[in-house]
Amino acid sequence: MKYHSYRYRIFVQPDERTGTNDLAYTAYVPTLGLASDGDSEAEALTNAQEAIAVYLDSLVEDGLTPPSQDRGSYRVKTARVEL
């Protein structure tokens with residue numbers, strides 16, 4: 001079996017659990033359109049990595065090519081919106 005290594009950016013941010021408002025963390029993988037969560041940053045990151053592996057495995061099993069790896073840099077900006 002031939003193995004490949006892929007690199008995707010994962011953005012982790014603090015969040016609140018719906019219904020409980022408990023602190024949690026959400027991890028986003030924009031290139032793949034995936035999101036996951038966890039009770040800590042580390043858990044959210046681990047869960048996102050597992051989701052990436054499952055997603056890429058399913059693409060390969062279906063004979064599809066995984067999306068291009070992330071290259072270059074991102075600029076992260078925030079915006080304040082008043083309603």
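Two strands pair if DSSP finds at least two bridges between them. Helices (H or I, at least four residues) and strands (E, at least two) are DSSP runs, numbered from the N terminus. On that basis, β2 (residues 23-29) pairs with β3 in the antiparallel sense over five bridges.

The model is predicted: local features need pLDDT of at least 70, side-chain atom pairs count only at pLDDT 80 or more, and totals for chains, interfaces and linings use all residues. Residues are numbered from 1 along each chain as its sequence is written, and side-chain values use heavy atoms, with hydrogens and water left out.

**The sheet**

Three strands make up an open, antiparallel sheet in the order β1-β2-β3. Its edges are β1 (11-16) and β3 (34-38), each pairing on one side only. Neighbouring strands are turned by 30 degrees against each other on average, direction ignored. Axes here are lines fitted to C-alpha atoms, for helices over the stretch in contact, and angles run from 0 to 180 degrees between N-to-C directions.

β1 and β2 run antiparallel and are joined by six bridges. Ala 27 of β2 stands opposite Val 12. In β3, the bridge partner of Ala 27 is Ser 36.

| Hairpin | Residues between strands | Glycine and phi |
|---|---|---|
| β1 and β2 | six residues | Gly 19, about 90 degrees |
| β2 and β3 | four residues | Gly 33, near 70 degrees |

**Cover and helix**

β2 is mostly covered: five of its seven residues are buried. Buried means under 20% relative accessible area, exposed means over 50%, and partly exposed lies in between (1.4 Å probe, protein chains only).

Helix α1 (residues 41-61) lies across β1, β2 and β3. The helix runs at about 145 degrees to β3. Contact means heavy atoms within 4.5 Å.

**The aromatic pair**

Rings of Phe, Tyr and Trp (its six-membered ring) pair if their centres lie within 6.5 Å; planes under 30 degrees apart count as stacked, over 60 as edge-to-face and the rest as tilted. The count comes to one aromatic pair. Tyr 6 and Tyr 8 form this pair, at 6.3 Å centre to centre with 15 degrees between the planes, and it is stacked. Tyr 6 counts as partly exposed because its relative accessibility is 32%. Tyr 8 has a relative accessible area of 12%, so Tyr 8 is buried.
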